[in-house]
Amino acid sequence: MKLRYSSTSPYVRKTMVSLHELGLMDRVELEPTNVWDPETDISLTNPLGKVPALTLDDGYILYDSPVVCEYIDALVPGIVLFPQTGKARWKALHFQALGDGITDAGVLYLLEGRRPENEQSPKWRERQLNVMMRGLDALENEIDELAGGPLTIGQISVACSIGWLMFRFPDLDLLASRPKLKNWYEAFIQRPSMQATQPTE
Ligand SMILES: N[C@@H](CCC(=O)N[C@@H](CS)C(=O)NCC(=O)O)C(=O)O
């Protein structure tokens, strides 16, 4: 399998953490990809122009981190990052959606702030910031659900989202007013899979 990746992408990090947790790192060839390079050929692999994109050994291509992560999870019997049925499944997908959604808002906030100042919309940025804040508040309120039970894609998604927010917006100190989430996150990032996948510019 070949994974097109970037070392700063929180969506890629979800995939890498999942690969580490599943013991599959040696099954994947990594192809660094700068999706913002005007010369990039990422659209030949993923028409959406995004990473992660995973090319399987038979040439079939999967993209969007929820799909890629569920595929690699299914390769390993025993460990289950995506529970198949019942409350456990909806809980894992709920936290994946919440983590990814916070990241999505963070990306929009970041990109808007990188446009020329006279083209930026402060209202749009504020809207995205509010999404991030509400999402983090929800995680603080739902901490028992998040922290309970075995490792799932929900926890991985949330941790990768928070890790990326801290990497991109260190001055916002987003966890200071969310002590339960902070405790959980600080414990979670001790996992070797998280330590091995820290974002680097
Ligand atoms: N929903 C997608 C989001 C992937 C995504 O937005 N990746 C970013 C890198 S952090 C990207 O490739 N952006 C390029 C673009 O938006 O043109 C997923 O979960 O994989």
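Reply: The crossing of helix 4 and helix 5 is left-handed, a term used when the near helix is turned anticlockwise from the far one by less than a right angle. This is a predicted model, in which local features need pLDDT of at least 70 and side-chain atom pairs count only at pLDDT 80 or more, whereas totals for chains, interfaces and linings use all residues. Residues are numbered from 1 along each chain as its sequence is written. Helices here are DSSP runs (H or I, at least four residues) numbered from the N terminus, and the axes of helix 4 (residues 86-114) and helix 5 (residues 122-141) come within 8 Å and cross at roughly 155°. Those axes are lines fitted to C-alpha atoms over the stretch in contact, with angles running from 0 to 180 degrees between N-to-C directions. Helix 4 and helix 5 are therefore roughly antiparallel to each other, the word for angles over 145 degrees.

On the helix 4 side the contact includes Leu-98, Gly-101, Ile-102, Ala-105 and Tyr-109, while helix 5 contributes, among them, Trp-124, Gln-128, Leu-129, Met-132 and Leu-136; two residues are in contact if their C-beta atoms, placed from the backbone, lie within 7 Å. By class, this contact of helix 4 with helix 5 holds 12 nonpolar, five polar and two charged residues, where Ala, Val, Leu, Ile, Met, Phe, Trp, Tyr, Cys and Pro count as nonpolar, Asp, Glu, Lys and Arg as charged, and the others, Gly among them, as polar.

For another pair, the axes of helix 1 (residues 10-22) and helix 3 (residues 65-75) come within 9 Å and cross at roughly 5°, which makes helix 1 roughly parallel to helix 3, as angles under 35 degrees are called.

Notes. Helices (H or I, at least four residues) and strands (E, at least two) are DSSP runs, numbered from the N terminus. Angles under 35 degrees count as roughly parallel, over 145 as roughly antiparallel, 65 to 115 as roughly perpendicular and the rest as oblique.
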